Amino acid sequence: MEAHESTALRTPSGHTRLAPPRPEDQPPSQSPGDDEPWPQPQRPAGRRLRRIASAVVCRAIGGLLEMFRHDFPPLVRIETTNACNAKCIICPHRRLERPIGRIDQALFDRIIAECGLHGCREIHLHNFGEPLLDPRLPERVAQAKAAGIRKVKIFSNGSLLTEQRTRQLIDAGLDELKISFDGATREEFERIRPPLKFDEVVANIRMAVEIRDELDSPMRIKVACCATTDRAETMRQLSKVVDGFSFGKIHNWNGLDDDACEGTGTLELFPTDEKIRRPCSRLWQTLTVLADGRISLCCLDYEGQHILGLLDGDTTIIDVWNSERYRRVRRIHRCGNQDKLILCRNCSKAQFG
């Protein structure tokens with residue numbers, strides 16, 4: 001069976017609170033269908049045209065995504081822990097109210113077994129935390145590879161990489177290590193990613209590459225950056241060392257956390273009507289399992305506010321992935337009606353530009 005979406009949350013002070021009902025879960029009895037837009041106030045012609053364009057784009061792209069949707073998610077993201085040792089100013093983790101913990105081993109075993117059974121192509125052993133804080137991470141990598149998963153990846157801040165841990169991950173068969181690295185200078189890096197130290201992270205990345213080369217491992221080591229005042233200077237630090245360097249845009253964490261990127265000076269939040277929408281491909285390609293076994297809307301649902309299912313021993317990934325609850329969210333995106341989903345309404349990942 002599927003999980004109830006009103007869930008008990010424990011705050012840092014230890015009190016338990018019940019997450020309030022969400023409009024997308026309990027629509028008014030007279031609300032339009034998922035493929036019909038909410039009644040909208042009169043808007044200037046430009047906004048109306050953008051809304052029409054959004055509907056056309058979402059139906060076209062969403063139709064293709066639905067046509068090629070797999071019965072089992074091609075990529076499963078498993079949050080082995082939601083603990084983190086950084087307090088980055090571009091991330092709301094520092095205000096996280098979800099209980100901090102690690103995934104239960106029996107739950108992890110079930111997930112990996114099901115992924116292997118259905119030929120899942122890729123597993124990410126991270127979500128909203130630092131995966132290197134999980135002492136069992138190398139074992140989990142080896143377990144996923146033994147189950148036949150073609151690509152196993154982790155996304156790390158790089159501060160906890162050691163020679164021993166690097167060798168363990170390589171021996172376990174990790175396919176890709178991706179490291180977040182922001183800022184063009186030591187000062188900018190340490191302002192964006194406190195309390196991490198620039199020199200330590202750079203040295204750790206270089207060390208990991210050296211060990212990888214020494215062991216002649218096929219593991220790819222890449223760097224991702226989403227906040228910097230000088231891309232060329234950021235690349236200069238590591239571009240000749242790592243296998244790939246990518247730049248992305250700071251996102252607005254579902255549009256609900258206006259100050260998640262405080263102090264970066266690089267994020268502008270736009271009202272939904274100011275940009276043309278697109279359906280979020282994550283809904284057709286990726287499934288995210290939180291450390292407690294709940295399946296969240298996506299990786300940006302950091303508090304687990306919109307839960308699509310619970311892996312409770314009776315319910316499986318394939319049950320949730322093909323459930324009416326998941327299909328309804330896809331249908332809403334496919335019709336350009338993201339207004340009906342609080343977490344998607346102003347999310348920058350569901351907009352062009």
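Biologist: Which helix is Cys-58 found in?

Modeller: In this predicted model, Cys-58 belongs to helix α1.

Biologist: And is Cys-58 buried or exposed there?

Modeller: Cys-58 counts as buried, because its relative accessibility is 0%, and the cut-off for burial is under 20%.

Biologist: What does Cys-58 touch, leaving out residues up to four places away in sequence?

Modeller: Its contacts include Gly-63, Arg-277, Pro-279, His-333 and Cys-335. Pro-279 lies 221 residues from Cys-58 in sequence, yet the two are 5.4 Å apart in space, C-alpha to C-alpha.

Biologist: What about Ile-52, where is that one found?

Modeller: Ile-52 is also in helix α1, which spans residues 45-67, but Ile-52 is exposed, with a relative accessible area of 53%. Together with Leu-49 and Val-56, Ile-52 forms a nonpolar patch on the surface, and the three share about 320 Å² of accessible area.

Biologist: Switching to the inside, which residues touch the most other members of the largest nonpolar core?

Modeller: That core has 73 residues, and those with the most contacts to other members are Val-76, Ile-78, Ile-111, Cys-115, Ile-123, Leu-125 and Phe-181. Helix α6, residues 198-214, gives the most to this core, with eight residues. Val-76, leaving aside neighbours within four places in sequence, is in contact with residues including Ile-111, Cys-115, Leu-287 and Ile-317.

How values were computed: Residues are numbered from 1 along each chain as its sequence is written. This is a predicted model: local features need pLDDT of at least 70, side-chain atom pairs count only at pLDDT 80 or more; totals for chains, interfaces and linings use all residues. Side-chain values use heavy atoms; hydrogens and water are left out. Patches are made of residues with over 30% relative accessible area and no salt bridge: like charges are joined within 9 Å, nonpolar side chains (Val, Leu, Ile, Met, Phe, Trp, Tyr) within 5 Å. Accessible areas come from the Shrake-Rupley method with a 1.4 Å probe; for residues, only the protein chains shown count as cover. A salt bridge is a side-chain nitrogen of Lys or Arg within 4 Å of a carboxyl oxygen of Asp or Glu. Helices (H or I, at least four residues) and strands (E, at least two) are DSSP runs, numbered from the N terminus. Buried means under 20% relative accessible area, exposed over 50%, partly exposed in between (1.4 Å probe, protein chains only). A nonpolar core is a set of buried Ala, Val, Leu, Ile, Met, Phe, Trp, Tyr and Cys residues joined through side-chain atoms within 4.5 Å. Contact means heavy atoms within 4.5 Å.
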